[in-house]
Amino acid sequence: MVIAPSGYGKTSAVAEWAATHDGRVAWLTLGPFDADGVHLGTSAVLALQALARTTGSADLERLLTFDAGELSPAASFDLLAEALVDTIEPVYLVIDDAHRAEGELSTGLVAALLEGACDPLRLVVVGTSYVEISLSRLVLQSPTAVIRARDLAFVASEVEGLRSEERHPFTAEAILDQTGGWPIAVRAIQLVGARPDHVAHSQDSVLRQYIDEHVLGSLPDDIEDFVRRTAPCSVLTPELAAAVTGDDRAGDLLERCTDMGLFLDRFDTPNGPLYRWHDVISRHCDRILEQRDPEGRREIFRAVAAHLSVADPLASARYSMKAGDTDAAVRTILERWTRLIVGADAGPLDRWCAALPLPYADDPRILMIRACVQDVIGHHDVATMLSARAEARAAGQEPLPGYDAVLARAHLFLIDDRTELAEAISAVRGQLAAPEGVELGDRAALQYLLGWAELRHRTSPGVMTQMFATAATDAAAAGDHTLARRSLGHLAHALAWAGRLREADAVLVERLELVDEGSWASYAGGSAATAAAFAAYWRDDQEQAISAAQRAIRSGGAAISFPGAARMLLAFAAAASRDPQACQRAAREVQGLPTETMQGVEWQAFRHAAFATLNEAAGRRELAMKLVALYENTTDLPLITVVLAGVASRAGKPHTAVQMLRRIEAFESMSYVRVARLLAEAVLLWREDRRGQARLLVDQALETAEPETLRRPFAGAGLDARQMLTEQLAWGTPHEAFLTSCLTPREAGGPLQSLSDREREVFSQLRGTRTMQEIADAMGVSINTVKTHQRAIYRKLGVASRREAVRLYA
């Protein structure tokens with residue numbers, strides 16, 4: 001931990017160490033809106049993944065195999081520890097400006113890493129004294145691991161070296177007496193050669209006067225004017241500096257300031273150079289400008305806000321507030337709030353809205369936005385309260401500009417009733433088609449939100465996939481890789497649900513190459529894993545389906561999102577595998593599904609379908625058929641209808657199955673719906689001894705199924721259907737190889753086959769009576785390494801304890 005006030009060169013010292021250190025160093029600098037535990041943990045993993053890509057080290061490749069944005073902090077920690085367990089040498093992660101995380105340093109993934117439970121990883125935490133407060137226990141436990149201001153302060157020999165370089169008239173002792181060794185004050189003397197008059201111990205006003213008269217006043221005129229106008233903006237790009245100053249040479253002037261050592265740090269980013277003024281200089285230049293030219297200061301901040309309004313709406317709103325223009329700040333948020341919520345900034349947006357002064361904080365539009373944020377982060381009761389408050393306030397005053405548009409979008413988050421949800425979808429589509437147009441990034445967010453609503457509404461598979469595909473393309477073009485990544489994950493799920501398994505595969509493969517910079521994990525995480533489970537189930541690879549469903553369930557997402565669908569898929573796959581232990585685990589997971597309609601999804605139907613298949617697998621066919629009977633007349637649940645029709649067909653009720661499948665004719669474009677109906681009708685014809693017509697329907701089913709490798713409808717067929725399909729093989733079919741593969745029992749590999757050699761070695765030790773420390777000693781590794789392998793074993797076996805693992809897989 002490097003802990004000191006501003007001006008002590010913390011970042012410079014650590015950056016110099018990182019540049020000269022032989023080890024591999026990842027760097028994460030926190031921003032003003034990083035006080036969010038989930039976002040902080042994801043950013044830490046992304047920094048390590050960036051290091052893996054930059055170095056190309058073979059022992060870091062496993063860092064690139066998972067997406068922290070789709071996982072809970074616990075799951076991310078397990079996978080991170082697994083990825084680093086065999087690294088050749090330590091890996092270092094620097095967290096700079098860590099005080100911006102506030103109390104979140106002691107929670108979530110970063111807290112677990114700070115505890116030292118991941119052996120190969122070393123952390124360097126850089127920040128002000130708030131870090132010491134947040135990590136007080138660690139400071140007390142390891143006092144020698146803390147570098148403080150007294151350690152960073154210059155001593156006489158260092159000051160003498162600087163003094164001799166610049167040939168100042170002041171002795172090192174005089175400079176130390178005046179500055180107390182405070183690096184920024186020493187640097188100021190070095191720069192201008194004037195006495196600071198005890199700046200280290202003076203009030204802010206004295207230091208401010210010194211910076212104004214001696215530091216800035218000694219600069220060339222063009223540089224002085226440039227610094228005075230840009231330093232109040234703590235972070236700059238060449239484009240932003242040009243917008244503030246109106247000078248096309250802004251990029252060159254920034255480089256000159258850096259070369260002159262004017263307290264300006266330069267960072268290379270994928271989007272070009274980024275410059276950051278030292279906090280002390282930026283703060284005092286802001287105060288100087290406020291005192292000398294308050295209107296000029298407001299004009300500068302208005303220019304910054306206008307420049308950032310599209311790329312960084314929250315920062316834009318913050319600068320508008322500094323300019324004293326709260327109305328402009330609110331307008332920016334009202335224009336951009338959708339992309340902030342569906343992106344990575346839901347938490348920061350809520351904090352910004354909550355901090356607004358009255359009457360803005362009680363604006364119905366702001367309250368409705370906060371309701372959506374609270375729903376996204378899982379506080380559904382608070383969301384309901386804020387929504388009701390917003391509607392009540394709106395009803396009691398004159399219509400507000402844009403309120404109806406905000407309300408329609410909010411309904412896509414908050415409405416449970418499917419009829420009202422359909423109306424909201426129609427209204428938001430109208431906003432997209434409005435003649436005034438929507439900015440590209442906001443358009444991508446709206447398209448994503450519409451796709452998300454269609455996914456819950458489940459009436460238009462084509463519209464849903466189109467929305468997610470377009471959202472991914474537009475978000476990538478707008479530079480919003482967070483939204484592009486999430487849209488692709490949802491697209492994969494939508495394609496799999498629509499029976500377009502090949503296209504889903506293509507998206508899942510492409511998606512692994514992208515970088516996710518944020519997470520909607522608590523609201524809609526686990527979409528890619530659920531898509532993989534869906535595709536594996538229909539391909540009759542039930543072992544893979546179970547594994548993928550378990551990954552989705554553990555992604556950290558809410559039960560009313562993709563993990564809820566994954567629980568149902570887990571039951572389908574477990575029942576299809578006929579594995580009693582898998583069925584028992586699936587039954588426990590299904591209990592976690594809601595029992596009522598939420599966000600337009602009929603979760604009770606998910607529960608019933610899951611328990612119907614599990615009861616059938618357990619031989620309780622009568623109970624299974626009672627559940628099937630509840631959905632004999634359903635017209636809008638294609639997946640559930642197909643699965644339950646299969647239960648009916650295997651129970652000797654082919655007429656029931658056919659009638660159920662004919663009622664979902666609107667979804668005939670979905671491959672598994674069409675295949676299931678053709679097979680069910682073929683069975684009826686075959687039972688009526690109309691074999692020729694039956695064979696034609698079977699070939700049509702195979703023609704649809706083979707390109708998608710859709711095996712499950714054939715592999716899970718009932719006795720009559722299997723006899724019919726066996727006759728089809730004897731009669732001859734162009735799809736003989738595919739049909740044979742469907743009817744051939746698949747070899748069971750079992751979850752144990754997914755363990756690595758090292759994990760099998762650890763599991764063999766876990767079967768005995770040795771303690772964890774004894775196992776570590778026997779294997780010649782640390783106990784943390786054994787624990788890392790243990791967590792990986794539990795995750796792959798789908799168990800929660802050593803006793804359960806040994807009992808189930810002894």
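## A walk through helices, a sheet and a buried histidine

Start by selecting two helices: H29 passes H30 in a left-handed crossing, meaning that the near helix is turned anticlockwise from the far one by less than a right angle (clockwise would be right-handed). You are looking at a predicted model, in which local features need pLDDT of at least 70 and side-chain atom pairs count only at pLDDT 80 or more, while totals for chains, interfaces and linings use all residues. Residues are numbered from 1 along each chain as its sequence is written, and side-chain values use heavy atoms, leaving out hydrogens and water.

**Stop 1: H29 and H30.** Select residues 527-538 for H29 and 542-553 for H30; their axes come within 8 Å and cross at roughly 160°. Axes here are lines fitted to C-alpha atoms, for helices over the stretch in contact, with angles from 0 to 180 degrees between N-to-C directions. H29 is therefore roughly antiparallel to H30 (over 145 degrees; under 35 is roughly parallel, 65 to 115 roughly perpendicular, the rest oblique). Helices are DSSP runs of H or I with at least four residues, strands are runs of E with at least two, and both are numbered from the N terminus. Now show the side chains in contact (heavy atoms within 4.5 Å): among them are Ala 529, Ala 533 and Tyr 537 of H29, and Ala 545, Ala 549 and Arg 551 of H30.

**Stop 2: H18 and H20.** Next, select 326-342 (H18) and 364-376 (H20), which pack at about 20° with axes 11 Å apart. H18 and H20 are therefore roughly parallel to each other, and their crossing is left-handed. Look for Val 330, Ile 333, Leu 334, Trp 337 and Ile 341 in H18, which meet residues of H20 including Ile 366, Ile 369 and Val 373.

**Stop 3: a sheet.** Which order do the three strands of the open sheet have? The order is S5-S7-S6, with antiparallel pairing; two strands pair if DSSP finds at least two bridges between them. Strands S5 (235-236) and S6 (264-269) stand at the edges with a single partner strand each, so one side of each has no neighbour in the sheet. Two bridges join S5 to S7 (residues 272-277), and Leu 236 has Tyr 275 in S7 as its bridge partner.

**Stop 4: His 735.** Finally, find His 735 in the loop between H40 (719-731) and H41 (736-743). Is His 735 buried or exposed? At 14% relative accessibility, His 735 counts as buried (under 20% relative accessible area; exposed is over 50%, partly exposed in between, with a 1.4 Å probe and protein chains only). Not counting residues up to four places away in sequence, His 735 touches Asp 699, Leu 702, Glu 703 and Glu 706.
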